Amino acid sequence: MTYSLDERLALAALLDQAGPDAPTLCAGWQTRDLAAHVVLRERRPDAGAGMIGGPLAGYTARVQRQYLDRYSYPELIALFKAGPPRLSPFAIPGFDEAVNTVEYFVHHEDVRRAAPGWTERELPAGLGDALWKRLKGSRLFLRSAPTGIVFARADDTGLANTGLANTGPASTATPIIAKNATPSVTVTGTPAELTLWSMGRVTAARVQLDGPDEAAARLTAWRQ
């Protein structure tokens with residue numbers, strides 16, 4: 001078992017439990033749309049480029065609609081749960097763990113945190129470490145941020161003195177400089193919450209921002 005497989009199976013189970021019409025944190029998407037997205041992502045690499053927007057976004061949207069028209073919701077979940085086809089790049093040993101641990105963790109939370117009354121789930125310590133390690137990759141899509149960004153890891157029991165989570169001591173992990181610029185804003189949270197914030201789930205992520213008030217406001221508005 002790997003963390004990407006754990007999150008794949010947990011997301012598949014949650015999608016099944018939630019049904020096709022449940023809300024998600026992905027703007028404009030219900031759970032049926034999210035199910036189609038995770039299936040085509042590893043089965044149609046030709047449609048992958050449009051997932052981040054740009055001129056190919058329309059093509060990707062059309063392919064996703066084709067999947068929604070072709071497969072029932074239970075079939076989409078079954079395809080996702082079964083994993084990538086043998087010839088998919090995602091089937092290369094080690095590739096799935098490298099690129100899908102964050103992807104499936106975030107989409108798992110997209111469904112969980114869109115439901116009323118959600119609570120933070122307790123994660124295995126190893127998954128927190130894996131998410132923290134992968135935060136370095138966020139430099140790529142945070143490079144256009146209007147301020148500098150530093151990620152500071154809080155102990156996984158929570159943020160001290162913020163009221164956002166249970167009180168816990170700060171971590172001794174070396175902060176991650178996601179963007180080196182001034183003014184700079186320090187974003188503090190557990191690896192799970194920092195991952196969600198870095199991926200644009202600003203309203204659902206329980207983090208603390210420290211820095212000049214104007215810079216923190218500009219950064220929050222930009223990340224949303």
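Me: When α6 passes α7, is the crossing left-handed or right-handed?

Reply: Heads-up: this is a predicted model, where local features need pLDDT of at least 70, side-chain atom pairs count only at pLDDT 80 or more, and totals for chains, interfaces and linings use all residues. Residues are numbered from 1 along each chain as its sequence is written, and side-chain values use heavy atoms, without hydrogens or water. The test is whether the near helix is turned from the far one, by less than a right angle, anticlockwise (left-handed) or clockwise (right-handed). For α6 passing α7, the crossing is left-handed.

Me: What orientation do α6 and α7 have to each other?

Reply: Their axes (lines fitted to C-alpha atoms over the stretch in contact, with angles from 0 to 180 degrees between N-to-C directions) come within 8 Å and cross at roughly 40°. Under 35 degrees would be roughly parallel, over 145 roughly antiparallel, 65 to 115 roughly perpendicular, and the rest oblique. So α6 and α7 are oblique.

Me: Which residues of α7 make the contact with α6?

Reply: Contact here means heavy atoms within 4.5 Å. On the α6 side, the residues are G128, L131 and W132. Across from them, α7 uses P191, A192, L194 and T195.

Me: Which elements do the buried residues of α6 pack against?

Reply: In α6, L127, G128, A130, L131 and W132 are buried (under 20% relative accessible area; over 50% is exposed, in between partly exposed; 1.4 Å probe, protein chains only). That buried set packs against α1 (3–18), α5, β1, β2 and α7.

Me: What does I149 touch, apart from its neighbours within four places in sequence?

Reply: I149 is one of the core residues that touch the most other members. Beyond those sequence neighbours, I149 is in contact with L142, I176, I177, A178, K179, S184, V185, V187, W197 and L219.

Me: What angle do α2 and α4 pack at?

Reply: The contact is made by residues including A35, V39 and R43 of α2 and Y73, L76, L79 and F80 of α4. L79 and F80 also turn up in a second, separate core of 20 residues. The axes of α2 (residues 31–43) and α4 (residues 73–82) are 9 Å apart, at about 40°.

Me: Which peptide bond is cis?

Reply: Most peptide bonds are trans. Look in the loop between β2 and β3, where P183 lies. With omega near -5°, the cis bond runs from T182 to P183.

Me: How far apart in space are R218 and P146, C-alpha to C-alpha?

Reply: R218 lies in helix α8 and is partly exposed, at 37% relative accessibility. Leaving aside neighbours within four places in sequence, R218 is in contact with P146 and T147. R218 and P146 are 72 residues apart in sequence, but their C-alpha separation is 6.8 Å.

Methods: Core = buried A, V, L, I, M, F, W, Y, C linked by side-chain atoms within 4.5 Å. Helix = DSSP H or I, 4+ residues; strand = E, 2+ residues; numbered from the N terminus.
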